[in-house]
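Hi there,

Here is the structure I promised to pass on. Please have a look, and then read my notes below.

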Amino acid sequence: MPHRPLLPTALALALLAGCATAPAPAPEITSQAASSYLPGRVIWTDGHGDLAVAAAGAARCTATSSAEAAAALAQTNAVRAQSGLPPLAINPALQRVAEKHACDMASRGLMTHAGSSTTGPLARAKQQGYRPRVISENIAAGAAGRFTLGGTLEQWGLSPKHRANITIARMKEFGIGHAVAADGKTVFWAAVYATR
């Protein structure tokens, strides 16, 4: 399946993955080379395969600011509006789910939907006291400074499977988080979409 380029291939390492609670097809990876470390190249994955992107170690994990959350919500709702769907609202529990998963991925240097102690977003939401009827998750990892909040959200909106997670009609709430790996160069993103 052809994809619109994420960024010029000479600029950044960019990785994306989307997950919904329903089973998905095997990972599809397209790039100039299929390696987990490709300086100056881009990897695009709409699948669920785990990808080692950075060395494990002490990650820099911060809470998403209210300005970042508001900007992410506005961009996410713009994608939903293009499909004639109602807007989402930020949910504090989902915000914590996304922040903790981004931190967990960054600490392990691994882009994955599985957490260190959870199997996926459903289990993580339940740990935060959120009982979803439906939940989906988009994740990404790439070069800090180039893989920004706006750029990440734009690419999720362009990717068919990530966009499918964003535009599930029944979704009502949202949370987003990010963390920087121990290398100080790789940023990990997680967004969670759900309804109770």
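**What I found**

Let me start with a helix: Glu154 sits in helix H4 (residues 149-158). Helices here are DSSP runs of H or I with at least four residues, while strands are runs of E with at least two, numbered from the N terminus. Please keep in mind that this is a predicted model, where local features need pLDDT of at least 70 and side-chain atom pairs count only at pLDDT 80 or more, while totals for chains, interfaces and linings use all residues. Residues are numbered from 1 along each chain as its sequence is written, and side-chain values use heavy atoms, with hydrogens and water left out.

Back to Glu154: this residue counts as partly exposed because its relative accessibility is 42%. (Buried means under 20% relative accessible area, exposed means over 50%, and partly exposed is in between, with a 1.4 Å probe and protein chains only.) The C-alpha atoms of Glu154 and Gln75 are separated by 7.9 Å, although the two are 79 residues apart along the chain.

**The disulfide**

Taking a disulfide as a pair of cysteine sulfur atoms within 2.5 Å, the count comes to one. Cys61 and Cys103 form it, with their sulfur atoms 2.0 Å apart. Cys61 belongs to strand S5 (residues 60-61) and Cys103 to helix H2 (residues 92-108), so the link joins distant parts of the chain, 42 residues apart. The link is right-handed, with 80° about the S-S bond. Both ends are partly exposed: Cys61 because of its 33% relative accessibility, and Cys103 because of its relative accessible area of 21%.

**Strands and an aromatic pair**

Strand S8 (residues 134-143) is mostly covered, with nine of its 10 residues buried. S8 pairs with strand S10 (residues 186-195) in the antiparallel sense, over 10 bridges; DSSP has to find at least two bridges for two strands to pair. Within this pairing, Ile135 stands opposite Ala194 in S10.

Searching the whole structure gives one aromatic pair. The rings of Phe174 and Tyr193 have their centres 5.6 Å apart and their planes at 35°, so the pair is tilted. (Rings of Phe, Tyr and Trp, for Trp the six-membered ring, pair if their centres lie within 6.5 Å; planes under 30 degrees apart count as stacked, over 60 as edge-to-face and the rest as tilted.) Phe174 lies in strand S9 (residues 173-180) and Tyr193 in strand S10, so the pair ties together parts 19 residues apart in sequence. Phe174 counts as buried because its relative accessibility is 0%, and Tyr193 is buried with a relative accessible area of 0%.

Best wishes
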